[in-house]
Amino acid sequence: MTKNFYVTTPIYYVNGDPHVGSAYTTIAADVIARYKKTMGYDVYFLTGTDEHGQKVEETAKAKGMTPQQWTDSMAPRFMEMWKKLNIKNDDFIRTTEERHKKAVAKILKTVWEKGDIYKGEYEGKYCVSCETFVPENQVVNGNCCPDCGKELRMVKEESYFFRMSKYQDALLKHIDEHPDFILPRSRRNEVISFIKQGLQDLSISRNTFEWGIPIEFAPGHITYVWFDALTNYITAVGYENNAEEFAKRWTNGEVVHLLGKDIVRFHAIIWPCMLLSAGVKLPDKIVAHGWWTSEGEKMSKSKGNVVAPLEEVAKYGLDAFRYYLLREVTFGNDGDYSTKGVITRINSDLANDLGNLLNRTLGMYKKYFGDEIVKGGVYEEIDNEIKTLFTETLASVDDAMSRLEFSRALEFIWKFISRMNKYIDETMPWILVKDESKKERLATVMNMLVESLYKIAVLVSPYMPESAQKIWNQLGFNEDIEKALIENVRNWDIIPAGHKLGEATPIFPRIEVQKEVKEKNPVNKDLKIENPISIDEFGKVDIRVVELLEADRVKGSDKLLKFKVNDGKNIRQIVSGIAKYYPNPEELVGKKVLAVVNLNPVTLMGELSQGMLLSSEEKKRIKLVEIDSSVKVGSKIK
Ligand code: MSP
C-alpha cells in the first residue's frame, strides 16, 4: 500500500520579494518531499501566498494599486523564485482564489453552526506587520509589538470571536498524547506553557477595512487574515470540493507543516483549535525552524545585509546553496549565514569528500579497466563492513528524516562518504593493480566504489537534485534520478558487467577562500595600535599548550578552580578565577588549553599556582582558550 505524505510551507506575505528565510522553509519542504518520494510515498507538496489583510491593503495603496493588482504582480515572483531554486511543489495556493474563499466559508459555517463563534467587541492593540492582536501585558517599549518591534495600533471594533478557550484541555491532551506533534521539543514545551496560562477566545473578524474574505453570517465583516490563511492547508487538498482527495491526503495521510519559530503559536494553537471545532483531524507534525542572521547580524533592508537567494546561487551554484542551508544548522536552531561558512562547506564536504570520491573512483576505474564494468567477486571482510555501514546509514537517515533533522541525516550520509574515501586508502587499488593475481580483487574494490557512489547519489538527490543526476550520468546511468527508490539501491551487486561508465568531470570545483573573503573584508590600513609592545617584549612570555589532567574547586572559594596540568615536561598546579563559568569543572579534564608557564609562582587561598591559564572575555563571559586536540602538549606559542 502506498503511504501518503503531505507537506506544507507557510504561505508567504506578498509585501516583499522572497528572501533567504522563505527560501529556507521552501527548500526544506522540497527536500523532505523528494526524500519521501525516494521512500515510495505518494507525496503532495504545497506552498503559496497569503494575500489578504490590512498589511497588503496598505502596501498596495502605497504603491498606487488595488490590492488585487498588487498581489497579482507579486505572486508570480514567488512562483518564479521557487522554479529557479528547483522546488517541485505540486500546487501553489493563493488565498485570493475562489477555491480558497469557498473553503474558508465552509469552515466558518461549520464552526458557527457548532456554536463556537459569538459576537462581541474587540478593543486592544493590533500589529499590522504581524497581523496579530497583542494583549496589553505583552506590549513592549511603551507601544510596540513583542515580535517585530513595530508600533502597535489601537483597535476598537465590533468583532466575532472564536471560542478557542473551549479547546484548551483537548489541545493539551492531544499534545501530551502525541510527543512529535510539535517539533523540536523546545517549541513543544513553549507551546504547552503558553496554553497552560489560559487560552483566550480569538477575534476572527475585522470590519474597519475591506481586503479579506466576507463572512456570510456577519455582514460587513471580513475574516481575520490568520483564520483565512491557516485554512489554505485544507483548501488545497479538497476540504471543500473533493471528499475523496481530502480523505486520502489529509484524514488518512501523514500531514506535516513546516514553518518558522515566529509563527508557531498560530500553527500549534489557533489552527488545531479551529480543526477541533470543525471536526477535522489535526496535522501530524508541526515543525518549527530557527531564524537566519547574516554575517552575525539581524537581516534588515536598512543594513543592506539581506541574503538574496538568487545572488548566492549565482556565486556558489544552486545545489551548494541548498546543501549549505540544510547542513549548516540543526533544523530548529537559529543559524548565521556567512560567506566563510558557505565556502568551507563547499570545499570540505562537496569538493573534498564527495567530489574527490567520485573523481578518484572514475579516474582509477578508467585507468585500470577502461570504460566498462568488469566482474570482480573476490570479497574481503572490509567489504562486509561497508555493506553493514550502508544498511545502518539508510536506517539512521530515515530516523533523522522522520523528525525533519536534515543536518543529522546529512551527517550520516557524509560518514558513509568518508568511510568510502578511507576504503580507497585502505584497499590501495594502485598497489593491487601491480599484481596480476589480484586483478579480480581490484575489480571487486572498484565495483564497490562505483556502486557506493550510485547509492550515495540517490541519498543526496533530495538535497542536491542536479548534482546527484550528474553523478549518475558520470557513472553511466541516464535514467531520471528523481524517480529513484531507496528500495532499489538497498542491495549490493546491482551494476552488471559490461555497463558503460560516462564522462568524468569535477562537479564541485573548490572556491578560493582568499578571493571571496578579501573582497568582503578590506584591510584597514589606518589602524591605530593601542599600547604597542616590541616583539622582544612579547618573546619574554612563555605560552605553552597544556593538558588539563584534574580540575577541582578550591575549598572556601567560589571563584577559584585548581588544575593539575601537563606542560609537556612537568606536572604543575595552576589556580584560575573561573569557577563561576564552569559549574562542572570535571568536564574540562582532557582539554588542551594555553598557559603562561614562566610567571612567578604565587599562593592563592592557600593553593600554589605555577602559571596562568589563558581565557577570552566576551560580554563578561570568560572562556578558556581551547586548542585543537591534534596539537602536541608542550608546544610553544610564538
Ligand atoms: N503569512 C504568514 C504565514 C501564514 S501560514 C498560514 C507569514 N508570512 S511571512 O512571509 O512573514 O513569513 C513566512 C516564513 O518566513 C515564516 O515561517 C518565517 O519564520 C520565515 N522567515 C522570515 N524571515 C526569516 C529569517 N530571517 N530566517 C528564517 N526564516 C524566517 O508569516
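Close-up 1. A backbone N or O atom of G260 lies 2.8 Å from an oxygen atom of the ligand. Y13 places a backbone N or O atom 3.2 Å from a ligand oxygen atom. For I11, a polar backbone atom is 2.9 Å from a nitrogen atom of the ligand. A polar contact here is a pair of N or O atoms within 3.5 Å. The protein buries 91% of the 670 Å² that the ligand exposes when taken alone. Accessible areas come from the Shrake-Rupley method with a 1.4 Å probe. This is a predicted model: local features need pLDDT of at least 70, side-chain atom pairs count only at pLDDT 80 or more, and totals for chains, interfaces and linings use all residues. Residues are numbered from 1 along each chain as its sequence is written, and side-chain values use heavy atoms, with hydrogens and water left out.

**Close-up 2. The shell around the ligand.** The ligand is surrounded by 22 residues (a heavy atom within 4 Å). The closest are I11, D50, G260, D262 and W292. Two or more residues each come from β1 (4-13), α7 (225-230), α8 (232-235) and β11 (254-260). Strand β1 gives the most, with 4 residues. Helices (H or I, at least four residues) and strands (E, at least two) are DSSP runs, numbered from the N terminus. By class, the shell has 13 nonpolar, 7 polar and 2 charged residues. Ala, Val, Leu, Ile, Met, Phe, Trp, Tyr, Cys and Pro count as nonpolar; Asp, Glu, Lys and Arg as charged; the others, Gly among them, as polar.

**Close-up 3. Helix α13 against helix α17.** The axes of α13 (residues 339-369) and α17 (residues 439-460) come within 10 Å and cross at roughly 145°. Axes are lines fitted to C-alpha atoms over the stretch in contact, and angles run from 0 to 180 degrees between N-to-C directions. Contact means heavy atoms within 4.5 Å. Residues of α13 in contact include L354, L357 and Y365. Their partners in α17 include L442, M446 and L453. The α13-α17 contact has 14 nonpolar, 2 polar and 1 charged residues.

**Close-up 4. Backbone details in two loops.** A cis peptide bond joins L183 and P184, with omega about -10°. P184 is in the loop between β7 (182-183) and α6 (185-196). N531 has phi near 45°, a positive value in a residue other than glycine. N531 is in the loop between α19 (513-520) and α20 (535-539).

Terms used:
A polar contact is a pair of N or O atoms within 3.5 Å; within protein, one must be able to donate a hydrogen and the other to accept it, and residues adjacent in sequence count only if both atoms are side-chain atoms.
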